Amino acid sequence: MTAAVDSLRILVPCLYAVLVALYGISFFGNVPVVDRVKTWVLMVSVIVHCAYLALRTAAFDHPPITSVFEIMSVLAASTAAGYAYIELRTKATNTGFFILLLAFGFQTVSSVFIKDITELPHYLHSLVLGFHVAAALLGYTAISLSAVYGFLYLMLYHEIKSSRFGVIYVRLPNLEKLETMSHKAEVLGFYALGAAIVIGLLWLPRVFSEFSYWDPKLVGSLAIWLLYAVALGAKKRLGWQGRKTMVISLVAFAFVFLSLTVINLYLSGFHSFH
Amino acid sequence: MKLSSIGISHHSASLDVRERMWLSADEIRGVLAQLKERQVPECVLVSTCNRTELYSFGAAVDEASLKRFLIDFKGAAPSVQPAHFDGASAGNAVNHLFKVAAGIDSMVIGDIQILGQVKEAFILAREAGTVGPILSRLMQAALHVGKRVRTETTICEGAVSVSYAAVELASKIFADLSKKSVLLIGAGETGELTLKHLVGKGIGHVRIANRTRAKADALVAALGGTAVDYEHMVDALRSVDIVISSVNSPSYIVQPDDVQKVMKQRSNNPLFLIDIGVPRNVNPAAKRIENVFLYDIDSLGAVVDKNLENRREEIPHVTAIIREELVEFFRWHKSLDVGPTIQEFRDALELIRKQEVEKNLNRFRPEDRELLELVTRRILNKILHTPTTVLKQESEEAGHNADTVSHVRALRELFGFSRNGRKPRDE
């Protein structure tokens with residue numbers, strides 16, 4: 001079974017690479033065959049990815065939510081599945097390239113760094129952990145989508161401002177819609193991450209005797225959450241709109257990505273349990 | 001094929017001439033009725049501001065007299081002469097109609113309106129009873145070409161007028177125009193046209209400012225909305241989302257400082273400034289301000305040029321579609337020919353006769369077999385005699401008139417050799 005898990009570990013990011021290529025061709029070019037095929041490849045990829053996660057759960061006797069790289073894979077799957085849902089519901093396939101690029105990024109990082117863990121400390125078999133992870137996952141997915149829409153907003157903004165009317169201009173929805181989608185996703189992500197942090201803060205001191213409030217991961221998460229709080233507050237209180245808020249969202253997201261990778265890799269505190 | 005098209009269009013005649021030859025729906029009905037009396041069994045008349053064209057089939061009248069008839073009907077002589085007309089016949093006429101319906105013969109390539117006008121012409125002719133099987137099939141094929149061109153190519157996409165380009169930009173910036181408001185400053189033609197397009201797109205609220213208050217009031221009366229004092233025009237920027245400015249003024253009427261101040265007051269809500277004034281009304285430095293989208297007549301013109309170029313690049317796709325539909329149409333048309341149909345009819349029956357004779361040959365004595373051959377053949381000939389002569393006669397006398405065509409089609413369908421003649425499309 002480990003062999004199957006291992007080959008899927010390599011296959012899944014490859015599938016995402018193919019998906020990104022297909023959605024890229026469909027966005028920038030005009031190839032009818034690709035337009036017809038891409039949604040099917042997306043479905044297959046999501047199914048294969050879910051199979052990979054299920055197989056991991058069975059092979060290592062725990063759901064893949066106990067290390068940051070396991071979680072990244074779940075994050076990639078939920079992003080792709082979330083997008084598949086949006087595409088089927090709205091028939092709008094034009095933002096797929098950018099969202100799947102993100103899923104590809106998450107899954108590649110996960111596949112490279114993930115470790116096969118079989119022995120789990122007892123405290124990771126906990127319902128509270130489940131809530132904590134679910135909230136964090138929802139938060140990160142929402143924030144990722146918000147960042148993608150923010151990025152698209154900025155690209156379209158510059159095309160319109162500079163009177164260059166390329167593919168971006170033709171294919172994307174309007175600025176206001178992109179801003180709304182980004183904002184809604186950001187608000188959802190903000191509350192979900194807040195919930196994850198609160199659950200974590202209540203649960204951690206009980207489980208870890210050596211728990212410290214100065215853990216780099218904890219400080220990093222709080223800093224990011226505060227950054228989003230400031231951004232959302234500025235929107236609400238100061239009535240900020242448009243470009244500036246999108247830039248702030250993207251900067252905040254860059255910190256999220258940094259925190260997920262750098263802090264966990266090099267400044268590792270309690271979030272690496274093994 | 002006795003199909004012909006005559007007409008004047010922007011290729012052959014000036015606007016002045018085209019205007020004189022333009023026909024209203026009632027006039028078209030009149031023309032069709034008179035042509036019917038004059039032994040033109042099938043005809044359709046398309047009339048738009050850019051073209052007046054008559055498609056006819058099986059006319060006993062020559063093209064010159066049809067041209068003369070149209071000119072006389074409008075009383076347009078001597079300013080309109082037969083020389084203003086273009087003409088085409090048979091395949092060229094079909095090709096021309098397909099190009100018209102596809103929008104590549106229009107003054108503005110990919111003009112969407114023409115398809116609707118062709119459809120209207122078809123409906124008028126059908127009501128007047130001047131479409132028979134040939135023109136009916138031809139018009140349906142032309143409408144099909146138009147539909148395919150619209151769905152399979154992008155030749156109709158992208159705004160090709162300054163006013164539409166502005167509206168298109170507005171819908172790339174704002175999600176729901178019905179929640180937005182627009183301010184028109186001044187009253188140039190393009191400015192008004194842009195405003196009308198925005199109203200057509202359901203813009204939420206209209207404000208109009210003019211140095212002459214009466215003009216503003218008149219426009220408000222026509223388009224709705226509210227009039228704004230020209231002196232307080234800059235203040236009005238605070239509460240609108242789109243500004244169309246076309247004032248005749250030697251200096252800028254809106255400065256970057258004004259815009260900067262207004263943007264603060266409107267908490268940085270996006271502001272779309274359409275400056276159609278020449279010389280420009282808004283200082284171009286305002287373009288640098290965040291969330292301000294400033295377009296002048298040149299940048300809108302550039303949008304239009306780009307769109308036109310995109311449309312021109314689509315022409316090969318369109319002509320490919322036209323070619324396919326031409327082949328299809330002529331395949332159908334060929335299946336109406338009497339000669340081949342009779343031959344096929346005869347072959348089909350002969351095949352049955354032969355098979356039956358061979359199957360039953362052993363039941364007859366050898367000396368009777370020749371007789372059997374003779375008798376069956378004679379029966380066959382007798383059966384075939386009347387339909388064959390009737391068809392041949394009809395075709396010699398009238399060509400593809402309604403009777404011949406329906407007889408040929410009945411024959412092909414009843415005896416099951418209509419593989420070439422695809423069933424006519426549903427409209």
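Biologist: How many helices and strands are there in chain A?

Modeller: This is a predicted model, in which local features need pLDDT of at least 70, side-chain atom pairs count only at pLDDT 80 or more, and totals for chains, interfaces and linings use all residues. Residues are numbered from 1 along each chain as its sequence is written, with chains lettered from A and ligands numbered from 1 in the order in which they are written. Helices (H or I, at least four residues) and strands (E, at least two) are DSSP runs, numbered from the N terminus. On that basis chain A has nine helices and zero strands.

Biologist: What is the radius of gyration of chain A?

Modeller: The radius of gyration is taken over C-alpha atoms, and the globule rule is 2.2 Å times the number of residues to the power 0.38. For 274 residues this rule gives 19 Å, and chain A comes close to that, so it is as compact as a globular protein of that length; its radius of gyration is 19 Å.

Biologist: And what radius of gyration does chain B have?

Modeller: The C-alpha atoms of chain B fill a box of roughly 115 × 55 × 30 Å along the principal axes. A compact globule of 427 residues would have a radius of gyration near 22 Å, but the value for chain B is 32 Å.

Biologist: How far apart are the centres of domain 2 and domain 3 of chain B?

Modeller: Domain bounds come from an automatic or database domain assignment. In chain B, domain 1 covers 3-155 + 314-328, domain 2 covers 162-302 and domain 3 covers 338-414. Taken over C-alpha atoms, the centres of domain 2 and domain 3 of chain B are separated by 77 Å.

Biologist: Which helix gives the most to the side of domain 1 of chain A that touches domain 2 of chain A?

Modeller: Chain A is divided into domain 1 (1-120) and domain 2 (127-274), and their C-alpha centres lie 20 Å apart. Counting two residues as in contact if their C-beta atoms, placed from the backbone, lie within 7 Å, 20 residues of domain 1 of chain A touch 19 residues of domain 2 of chain A. Helices α1 (2-28), α3 (68-90) and α4 (96-113) of chain A each supply at least two residues to the domain 1 side. The most, eight residues, comes from α3(A).

Biologist: How many charged residues has the side of domain 1 of chain A that touches domain 2 of chain A?

Modeller: Ala, Val, Leu, Ile, Met, Phe, Trp, Tyr, Cys and Pro count as nonpolar, Asp, Glu, Lys and Arg as charged, and the others, Gly among them, as polar. By class, this side has 13 nonpolar and seven polar residues; of charged residues there are none.

Biologist: Is E87(A) buried or exposed?

Modeller: E87(A) is found in helix α3 of chain A. A residue is buried if 20 or more other C-beta atoms lie within 10 Å of its own, exposed if 12 or fewer, and partly exposed in between, with C-beta atoms placed from the backbone. Because E87(A) has 20 C-beta neighbours inside 10 Å, it counts as buried.

Biologist: Which helix supplies the largest share of the side of chain A that touches chain B?

Modeller: Here 16 residues of chain A are in contact with 16 residues of chain B. The elements giving two or more residues to the chain A side are α5 (127-161), α7 (175-207) and α9 (243-266) of chain A. The largest share, four residues, comes from α7(A).
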